[in-house]
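Please look at the sequence and the model shown here. A short report on the fold elements comes after them.

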Amino acid sequence: RYQQGSKAGPLSMFASALRFWARCNLIPSPITDVTHQLITAVKLLNNRPKRKQWFLPSHLKLFLSSASVTLELRAMICFSWFQLLRVSELLRLSSSDFDLRNNSLTVQPTKRQPRAVKVPLNTNCSIMFKQLNRSGPLFAHRSQAWCNKQLKLLAANLGTPPYTWHAFRHGAATDLRNQGHSTSAIAALGRWSSNAILNYLH
């Protein structure tokens with residue numbers, strides 16, 4: 001069954017059925033401790049942590065230049081990448097968070113970040129904010145599910161891996177490291193307060 005592609009769950013159910021069949025027919029159960037060990041091993045194989053996919057700079061250019069990307073979606077991608085925003089932070093953005101005079105962006109509190117943090121405003125994001133030309137909440141009408149759906153549809157059209165929105169944060173941090181920025185500088189920009197940043201540098 002395992003060689004045919006069965007997962008641990010169906011194998012466990014099959015083993016239970018065999019035990020029940022043996023009990024009904026008053027014969028010794030064919031399921032032994034070795035069988036249980038094999039099923040446990042299959043479960044571990046099936047649950048191996050998957051390698052996280054991070055967004056590549058070459059794909060960023062492809063996404064931002066695609067004619068199928070709306071101005072809103074282009075702005076969301078731009079803000080997420082260049083400001084290393086979590087999707088929860090992105091959806092809380094308001095026009096009042098952008099200080100164009102002082103080139104700063106205020107990232108509002110979230111569950112991950114309990115206080116507002118002011119970070120340098122990237123030039124690309126400043127230009128994109130002006131193009132977006134919105135006042136008040138920028139993306140409050142959107143959700144994380146909507147973001148991921150749009151990204152997967154776009155990835156399918158452009159022939160890239162099916163990224164999730166959080167891949168921008170991984171990709172941006174990795175790209176900054178490859179450009180020569182220090183881990184501490186990236187941590188400050190991305191608002192990491194622990195060694196968790198090391199999981200984002202690929």
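The report covers a sheet, a helix pair and a further helix.

## Basis

This is a predicted model, in which local features need pLDDT of at least 70 and side-chain atom pairs count only at pLDDT 80 or more, while totals for chains, interfaces and linings use all residues. Residues are numbered from 1 along each chain as its sequence is written, and side-chain values use heavy atoms, with hydrogens and water left out.

Helices (H or I, at least four residues) and strands (E, at least two) are DSSP runs, numbered from the N terminus.

## Sheet

Three strands form an open sheet in the order β1-β2-β3, with antiparallel pairing; two strands pair if DSSP finds at least two bridges between them. β1 (98–99) and β3 (117–120) are at the edges with a single partner strand each, so one side of each has no neighbour in the sheet.

Between β2 (residues 104–107) and β3 there are 4 bridges in the antiparallel sense. Opposite T106 stands K118 in β3.

## Helices α4 and α7

The axes of α4 (residues 71–82) and α7 (residues 144–158) come within 12 Å and cross at roughly 100°. The two helices are therefore roughly perpendicular (65 to 115 degrees). Axes are lines fitted to C-alpha atoms over the stretch in contact, and angles run from 0 to 180 degrees between N-to-C directions.

In the contact (heavy atoms within 4.5 Å), E72, L73, M76 and I77 of α4 meet W146, C147, Q150 and L154 of α7.

Terms used: Parallel < 35°, antiparallel > 145°, perpendicular 65-115°, else oblique.
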